[in-house]
Every structure is written in C-alpha cells, then in structure tokens.
Amino acid sequence: MQVEKHLEPFRLSLEKLQDVSARLRKDMLRGLGKHAHHRAAVKMLPTFVRATPDGTEKGDFLALDLGGTNFRVLHVRVLEEEQRVLKMDSQICAIPQEIMLGTGEKLFDHIAACLAEFLDSQKLRGQTLPLGFTFSFPCEQKEIDKSILIRWTKGFNCSGVEGEDVVRLLKEAIHRRGDYDIGSVAMVNDTVGTMMSCGYRDQSCEIGMIIGTGTNACYMEEMKNVKRVEGEDGRMCINTEWGGFGDDGSLKDILTEFDEEVDKTSINPGVHTFEKMISGMYLGEIVRLVLLKLTEEKLLFKGCPSEALLTPGSFETKFISEIEDGLENAKKILTKLALDWDLVDACVARLVCDTVSSRSARLCAAALATIANRIRTNRGLDHLKTTVGVDGTVYRKHPNFSDELQAAVRLLAPKCDVSFLISEDGSGKGAAMVTAVAQRLSCILVLNHSKLYKPVTEL
C-alpha cells in the first residue's frame with residue numbers, strides 16, 4: 001500500500017526506542033556534568049528542591065502563577081491528617097499590554113497590588129504566609145529562592161528584569177507598599193509543581209512529566225551526581241528540559257521529512273527537536289503535512305486539497321483525539337476542512353492520526369523509561385516501584401495516548417513498576433507543596449544546628 005510508504009518512518013521498533021533511550025541517557029549525563037552542561041542539548045537544570053513530600057507538611061500557603069497575559073494568586077491549605085492539599089480560593093489578574101512592555105518595577109508593583117487585594121478578600125492580611133512562585137519563563141535557578149531571568153518570552157519585554165533575581169524584585173515591590181509581608185519564597189518550575197502536587201497523595205512520586213502544548217520532565221537525582229551544585233548527600237529534583245533532546249543532531253536518523261518541515265517553518269528552527277516530535281503544539285501540523293502529501297500523490301481526497309488543508313496550523317491537534325475517537329468525528333472534521341472525502345479517505349485520515357500520536361506516545365515512553373531506569377540503577381535496586389505525576393492536554397484528552405505510553409514503558413523499563421497519577425493544579429497546589437517541603441527541611445536544619453551548637457551551659 002502506497003500510504004504505508006509514507007507512514008513507515010513513524011513506526012519505531014522496540015530496538016529503535018531502546019536506542020533512543022540509550023542516547024538520552026548519555027545526554028542526561030552530559031547535562032549533569034560540571035563542565036559539559038554548557039554544550040548539552042538536555043540541560044538537566046538543578047531546581048534546589050531537595051525532597052518530595054513525606055506527609056507531615058501542613059499549614060496555609062500562598063501560590064503565585066505567572067506565565068502569560070494573566071497571573072493567578074491562590075490560597076492553599078495543606079491538611080496533614082487527611083493527606084490533602086486544598087485550594088481554598090484563587091483569583092485571576094490580568095496584565096495589561098502596557099505593563100507587559102513597561103518597566104520591571106511597574107510589573108512587580110502590579111503583582112504586589114493584586115496580591116494585596118487577594119489577601120484582603122481572603123481576610124489573610126496580617127498573616128505572613130510562605131509563597132510558592134511558579135514563573136514560567138527561562139530562568140537560571142541559583143537557590144530555591146533565587147532565580148535569574150535569562151530572557152522574556154510570550155510577549156513580555158519588561159525592562160530591568162533580564163539578568164535579575166525575580167524573587168528579589170517581587171520582595172522589593174511588596175516592601176515598597178509596606179502594608180503586608182510574605183514569608184519564605186520558593187521558585188517552582190511547572191514540571192516540578194506537577195510532581196509535588198502528586199507527591200503528597202503518593203509519597204513514591206519522584207518523577208513529574210508534562211505532555212501538553214510542550215513537553216518536559218523532572219525527577220529526583222542523587223546529589224553526588226549533580227556536579228554543578230556543591231554537596232554529596234541526599235537528592236535534588238532535576239528539571240531535565242528534555243524538549244531539547246536531539247538539538248545537537250542526535251535524532252537526525254529518526255526525523256521524517258514532515259518533522260523537518262515543521263521545524264523549518266517554526267519560530268525556533270533547530271531548537272526543541274524532541275518536543276516538536278511529540279507535543280501538542282506540533283502534532284496537528286505533522287498530520288496536516290502527511291495528509292497534504294498523500295493528497296498531492298493522489299492517494300487521498302481525489303487528489304484535491306482544500307484551502308484549509310493547504311493552510312499551516314489549520315489541522316488542530318485536538319482533531320487527532322477526536323478522529324481517533326470514532327469515524328463519525330473523522331467525517332465531520334474532514335467536512336469542516338472542506339475536503340471531498342469518501343469512507344476510505346476517512347479511514348486513512350484516522351490511520352495517519354493514530355500513527356503520528358502513537359509515535360509520540362512511544363518516544364515519550366522511551367524518555368520516561370530512561371529516567372525510571374536511571375533512578376533504579378542510581379539506587380542499586382533490582383526492582384524500582386515509582387510514581388509519575390503527569391499533566392498536559394495530550395495525556396489527559398487523547399483516547400489512547402496514556403495506554404500506549406504505559407505499555408511501552410513496561411517494555412522499555414521491565415525492572416520498574418511505574419504508576420501514573422494525574423496532577424491536580426501543579427502550578428498552584430504544587431507550588432505550595434514545594435514551599436511546604438522547603439519549610440520542613442529548613443526546620444530540620446535549624447533543629448540539627450541547634451543540637452550541634454548548644455551553648456556551653458547546656459552541655
């Protein structure tokens with residue numbers, strides 16, 4: 001069948017997936033290296049999150065989630081007795097265009113003002129609550145409460161923030177007001193928030209994964225392997241930034257002509273190679289290009305592409321989920337795209353969607369298996385039982401994605417028993433949990449320190 005000729009490059013054998021996993025393992029080691037990380041495609045960023053929840057965390061926390069034209073403030077309560085994290089309330093605040101393009105001082109003054117308004121509405125004014133800060137822009141984290149903005153993205157261009165510590169800028173804005181204060185601050189990446197929001201319900205959760213518009217994962221690594229940070233004891237959560245896997249050309253042999261076209265026409269050619277093969281932002285476009293190629297070769301739609309099929313971005317990723325959910329949906333979507341289809345066309349379109357989404361799930365499984373296998377060998381275990389906290393529309397909404405992913409992980413990490421837990425509000429509850437754990441660890445540190453350095457009179 002001529003259609004198969006175009007779909008065959010998407011079908012990756014188990015051996016090929018094992019090979020991909022081995023390549024990622026090498027890249028992860030390079031990213032962890034003290035000197036090699038500068039040129040590593042997989043960045044392996046230290047997050048300074050030193051532990052997952054142990055179930056003893058409790059109290060009230062604030063969470064701040066800034067990642068686009070709106071930001072969210074949340075009040076989160078952690079209940080030790082019930083092992084639950086409750087979102088008490090939240091408020092969305094808009095960020096006007098003039099603030100997005102104004103000074104950093106104005107931006108943080110605006111955030112501080114919205115935070116004050118929220119504290120009043122919750123009758124929390126007067127309490128000094130710890131705060132988890134999810135800041136979804138490229139940052140270099142120096143400590144749990146120190147994060148330097150590398151560059152603005154998503155339409156922001158506030159002056160005086162790039163190269164600066166965003167926690168300090170937030171605290172300065174709050175001090176300028178002088179009418180309330182916050183406690184300790186923990187900076188949180190959204191992947192870490194996903195892991196931590198699941199970690200309170202399931203203490204074996206040591207991996208966080210997002211497969212939505214983009215993709216990324218984090219996991220708990222042994223400190224002795226994190227060469228960029230001083231200290232040998234314990235563990236630290238590493239934000240892999242695995243979307244960049246292949247940016248050095250290491251995946252060239254499995255890229256199809258359609259992947260190359262998606263990359264070439266993207267806003268960041270040559271960057272985030274792995275992400276472009278598996279995440280929601282690109283899957284629809286890959287399917288469109290395959291359908292277009294089959295139409296041009298007169299294998300579909302009587303060789304007549306519609307205006308919509310010729311338009312980049314017209315085939316939305318959600319169409320893949322809908323088409324795979326049933327032929328009736330396929331017929332509706334092909335009609336919506338003004339294509340002259342028959343039943344065979346609808347079946348072929350469904351096959352194309354299934355092939356592209358299946359590759360995504362299997363590649364994702366190869367990367368996840370690499371992490372699970374690494375945790376197992378790091379700890380010298382014959383068998384590892386672990387949980388992955390997961391979020392993202394591709395994982396949540398696609399009818400077969402999670403099943404395919406889990407089946408492939410079982411084959412690629414046979415000595416690991418990997419469970420999956422869907423995250424509830426990682427950027428809110430997860431940010432609060434990071435803060436709660438950081439607070440618990442600092443209390444332990446203070447206690448240990450006071451035992452070690454007792455005044456002479458007490459010895």
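**A close look at the annotated domain**

Guide: Let's take residues 206–437, which an unreviewed UniProt entry annotates as "domain: Hexokinase C-terminal"; UniProt positions follow the numbering used here, feature names are shortened, and annotations may be inferred rather than shown by experiment. Please keep in mind that this is a predicted model, in which local features need pLDDT of at least 70 and side-chain atom pairs count only at pLDDT 80 or more, while totals for chains, interfaces and linings use all residues. Residues are numbered from 1 along each chain as its sequence is written, and side-chain values use heavy atoms, leaving out hydrogens and water.

The span is 49% helix and 15% strand, and its end C-alpha atoms are 14 Å apart. Helices (H or I, at least four residues) and strands (E, at least two) are DSSP runs numbered from the N terminus.

Start with helix H7 (residues 257–264) and helix H9 (residues 280–296), whose axes lie 9 Å apart at an angle of about 125°. Axes are lines fitted to C-alpha atoms, for helices over the stretch in contact, with angles from 0 to 180 degrees between N-to-C directions. H7 is therefore oblique to H9 (under 35 degrees is roughly parallel, over 145 roughly antiparallel, 65 to 115 roughly perpendicular, the rest oblique). From H7, Glu-257, Phe-258, Asp-259, Glu-261 and Val-262 touch Tyr-282, Glu-285, Ile-286, Leu-289, Val-290 and Lys-293 of H9, where contact means heavy atoms within 4.5 Å. This contact holds six nonpolar, no polar and five charged residues (Ala, Val, Leu, Ile, Met, Phe, Trp, Tyr, Cys and Pro are nonpolar; Asp, Glu, Lys and Arg charged; the others, Gly among them, polar).

H9 also packs on helix H12 (residues 343–378), at about 140° with axes 10 Å apart, so H9 is oblique to H12. This crossing is right-handed too. Here Leu-283, Ile-286, Val-287, Val-290, Leu-291 and Leu-294 of H9 meet Val-348, Ala-349, Val-352, Cys-353, Val-356, Arg-359 and Ser-360 of H12. The contact of H9 with H12 has eleven nonpolar, one polar and one charged residues.

H12 has another partner: helix H10 (residues 317–324), whose axis comes within 9 Å and crosses at roughly 115°. That crossing is left-handed. Ile-320, Ile-323 and Glu-324 of H10 contact Ala-349, Arg-350, Cys-353, Asp-354 and Ser-357 of H12, giving four nonpolar, one polar and three charged residues.

Terms used: A crossing is left-handed if the near helix is turned anticlockwise from the far one by less than a right angle, and right-handed if clockwise.
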